[in-house]
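Dear colleague,

I am passing on the structure we spoke about, and I would be grateful if you could look through it alongside the notes below.

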Amino acid sequence: DGQSLSSNFPTFNAFQVLNSGGYNAVAVKCDSAGRRVYATYFGSDTTVGISQSLLCSSGAVDANGNFTIGGRVSTFNNYDIHFPTAQPPGAYVDTSISASNGDAFFAQFFPNGQLRWSTYFGGNGSSSEAINDMDYDNNNYLYVVMDADTLTPRIVQSSSYNDSAVYGGMILKFDPNLSLIWATRFPGTTKRVAVSPAGVLYVSGTTNGTLPITSGGVGSYVD
């Protein structure tokens with residue numbers, strides 16, 4: 001995963017063959033021998049002459065071989081009607097860009113490279129939002145960390161950590177149907193996420209000193 005400004009990215013079995021203008025996200029899958037299964041652009045339609053820039057910063061593969069990417073999308077004057085959206089049953093989908101400086105985005109591709117799911121994700125504040133990292137657990141739940149706006153939507157889950165901090169990163173959780181079931185603020189920035197085989201969630205980033213300190217038990221490091 002990544003992004004390309006080039007007009008000659010080597011597409012193959014592609015969902016989108018041509019660069020639609022500006023930076024487009026790109027997704028590539030190779031088999032065990034290093035041969036391309038697919039290579040595709042992912043960006044907005046520019047038939048009206050206004051393009052979006054999609055900067056891809058993370059990707060993860062689920063248990064079914066679907067490849068999910070995420071990052072940040074920005075557009076001139078919030079022009080957004082040509083962002084390619086797809087909605088499998090039960091999945092979270094937001095079809096309109098809301099933040100004046102850009103929203104986060106997700107896209108997921110089937111194992112054959114065709115688009116399965118895509119959506120904006122963000123609030124209607126003035127700060128930019130972006131997906132930083134993601135990982136799947138053994139039960140196909142998707143965990144995501146992102147840069148958040150002051151108005152990025154939260155979803156409280158009674159059995160999970162919840163923080164109402166005005167500024168900071170965010171942690172998201174999607175179920176196997178890609179429905180958003182948990183979204184909490186977290187003080188500081190949230191840059192990396194990993195889920196252990198036992199289902200333990202690990203998040204790293206930076207903080208300005210407002211981190212909620214909790215001891216992890218006997219022998220754990222605490223500062």
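What follows is a short account of a few local features.

Please bear in mind that this is a predicted model, in which local features need pLDDT of at least 70 and side-chain atom pairs count only at pLDDT 80 or more, while totals for chains, interfaces and linings use all residues. Residues are numbered from 1 along each chain as its sequence is written, and side-chain values use heavy atoms, leaving out hydrogens and water.

The residue to look at with some care is D175, which sits in the loop between strand 10 (169-174) and strand 11 (180-186), strands being DSSP runs of E with at least two residues, numbered from the N terminus. D175 is buried (under 20% relative accessible area, with exposed over 50% and partly exposed in between, using a 1.4 Å probe and protein chains only), yet D175 has no salt bridge, and R116, the nearest side chain of opposite charge, is 8.9 Å away. A salt bridge here requires a side-chain nitrogen of Lys or Arg within 4 Å of a carboxyl oxygen of Asp or Glu; for charge, Lys and Arg count as positive and Asp and Glu as negative, whereas His and the chain ends are not counted. Leaving aside neighbours within four places in sequence, D175 is in contact (heavy atoms within 4.5 Å) with N140, Y141 and I181.

N140 itself lies in the loop between strand 8 (130-136) and strand 9 (142-147), is buried at a relative accessible area of 10%, and has a positive phi near 70° although it is a residue other than glycine.

With regards

Key
Helix = DSSP H or I, 4+ residues; strand = E, 2+ residues; numbered from the N terminus.
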